[in-house]
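Let's walk through this structure together, starting with a sheet and ending with some aromatic rings. Have the viewer ready.

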Amino acid sequence: MKKSEQIILDQSSAPEIGAGERAAASANPLVSATAAALAGEAVLPGDKSISHRALMFGALAVGETHIHGLLEGGDVLATAGALREYGVELDCQGPGKWRVWGVGVGGFAEPARVLDLGNAGTAVRLLMGIAAGHAFTSYFSGDDSLLSRPMKRVAEPLRRMGAKITARSACRLPLALTGSNDLLPIEYTLPVASAQVKSAVLLAGLAAPGETSIIEPAPSRDHSERMLRHFGADVRVEEEASGGRRITLAGQPELRAADLSVPADISSAAFPLGAALIVPGSNVLLKNVGINPLRSGLLDCVAEMGGKVELLEARELSGEPAADIAVSASELRAIDVPAARVPSMIDEYPILAILAAYAHGESRLRGLGELRHKESDRFAAIVEGLTACGVRVAADGDDILIDGAGGPPPGGAQIESRLDHRIAMAFLVLGMASQGSITIDDGAPIATSFPGFVELMNNLGGNINNV
Ligand code: S3P
């Protein structure tokens with residue numbers, strides 16, 4: 001390490017709840033120009049998936065849950081705000097330290113207002129699962145990005161369990177869900193490997209008698225299963241001959257409050273990690289990052305590309321594996337990423353595409369149809385953004401082909417972030433070593449998952465500034 005200072009995010013002010021609206025804060029254009037060699041240690045924000053679940057499962061348990069390392073980004077604060085609307089008491093006791101007074105499964109009160117989940121797909125889909133077990137109507141809405149996202153995948157199994165759902169055309173938000181005190185347990189085969197849909201069914205299954213089973217075609221992130229066990233639920237996981245998994249939950253458990261520590265988000269760590277690989281001379285240590293094997297596909301890709309990445313001090317935090325990640329600048333070679341790897345790195349394709357643009361040779365990223373349904377159409381955002389940066393890129397069905405520059409690509413483009421935090425961060429990383437700087441029209445969405453991103457990157461050696 002050239003520089004040994006620790007970079008700690010400024011999360012000092014206790015955030016006000018209901019901050020889903022923050023995602024819609026006024027536009028904040030940013031420019032990323034050539035960075036100095038990145039050096040130092042980075043303490044990154046908490047895992048977004050685990051943070052949403054920590055608040056929700058804490059709310060469904062009986063008693064007082066203490067959470068450390070909670071992500072205080074717009075998405076998780078939107079979940080906190082919605083839980084308050086459901087009558088759950090929770091408070092922030094300091095940076096990342098939260099307390100939730102759980103009301104027990106089925107103990108939520110009818111919200112008086114429409115629940116505005118901002119940009120947060122995980123929040124709305126998981127809360128729909130909880131709402132299904134309550135015999136009142138919940139109204140869900142969000143920002144322009146969330147309004148465009150498909151909800152049929154969640155509505156379908158929840159309707160089978162007994163929820164009534166009325167939504168805008170193509171089953172998009174705004175949406176009204178009337179739950180039931182008599183939900184039916186179901187056996188449900190997921191049409192796509194989606195942890196959000198799986199989790200929504202599990203959360204509804206908590207309120208149903210008997211066993212609810214979900215069969216997933218390929219294993220998706222298992223934070224819900226791990227956390228349900230942490231709170232005392234009976235969850236069985238069996239491997240299917242097809243390569244998928246069957247997850248079975250015994251319904252109507254009494255969840256017991258349990259303290260939780262949230263590791264840093266590998267999906268956020270991916271950006272300083274990617275930057276350190278492409279900015280010459282870099283050497284960075286990313287602290288306490290979650291390395292759940294169902295989330296760590298990017299690390300496999302980077303290893304195959306010849307990236308110098310090392311896991312240190314492996315440990316476990318509240319049932320989730322974590323480690324420090326040491327990363328240094330590397331010559332990268334092209335990669336052919338199998339479609340089977342998609343679930344374990346679904347959110348990491350924007351940054352992987354940037355790495356492929358720097359690599360030697362032609363990369364093929366396979367089976368990316370699901371990227372069209374994220375915070376933006378990430379498939380189009382990657383292809384159009386890289387093209388604007390002078391990178392030779394092509395779409396072939398659901399695959400993206402990227403002809404790497406074998407070094408810094410031209411860059412020098414203005415990129416639309418499309419209300420998508422990860423598109424914004426990925427292209428800012430591209431600008432850290434490209435020939436011309438990169439401007440993004442709006443950095444505000446970054447705060448949904450990675451508050452303090454610009455400061456953290458600049459403290460490591462980045463050169464990202466307001467336009
Ligand atoms: C998430 C699951 C993934 C991921 C999202 C978070 C979760 O979505 O893209 O950012 O916390 O369960 P899908 O379930 O749609 O794949």
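Here is a short tour of the sheet, its helices and the ring contacts.

This is a predicted model, in which local features need pLDDT of at least 70, side-chain atom pairs count only at pLDDT 80 or more, and totals for chains, interfaces and linings use all residues. Residues are numbered from 1 along each chain as its sequence is written, and side-chain values use heavy atoms, leaving out hydrogens and water.

Begin with the open, mixed sheet, where four strands follow the order β5-β6-β4-β15. Strands here are DSSP runs of E with at least two residues, and helices are runs of H or I with at least four, numbered from the N terminus; two strands pair if DSSP finds at least two bridges between them. β5 (89-94) and β15 (260-261) are at the edges with a single partner strand each, so one side of each has no neighbour in the sheet. Five bridges join β5 to β6 (residues 97-103) in the antiparallel sense, and Gly94 has Lys97 as its bridge partner in β6.

Now turn to the rings, which pair if the centres of Phe, Tyr or Trp rings (six-membered for Trp) lie within 6.5 Å; planes under 30 degrees apart are stacked, over 60 edge-to-face, and the rest tilted. The whole structure holds five aromatic pairs. One of them, Phe271 with Phe453, is edge-to-face, at 6.5 Å centre to centre and 90 degrees between the planes. Phe271 belongs to helix α8 (residues 266-278) and Phe453 to helix α13 (residues 453-460), so this pair ties together parts 182 residues apart in sequence.
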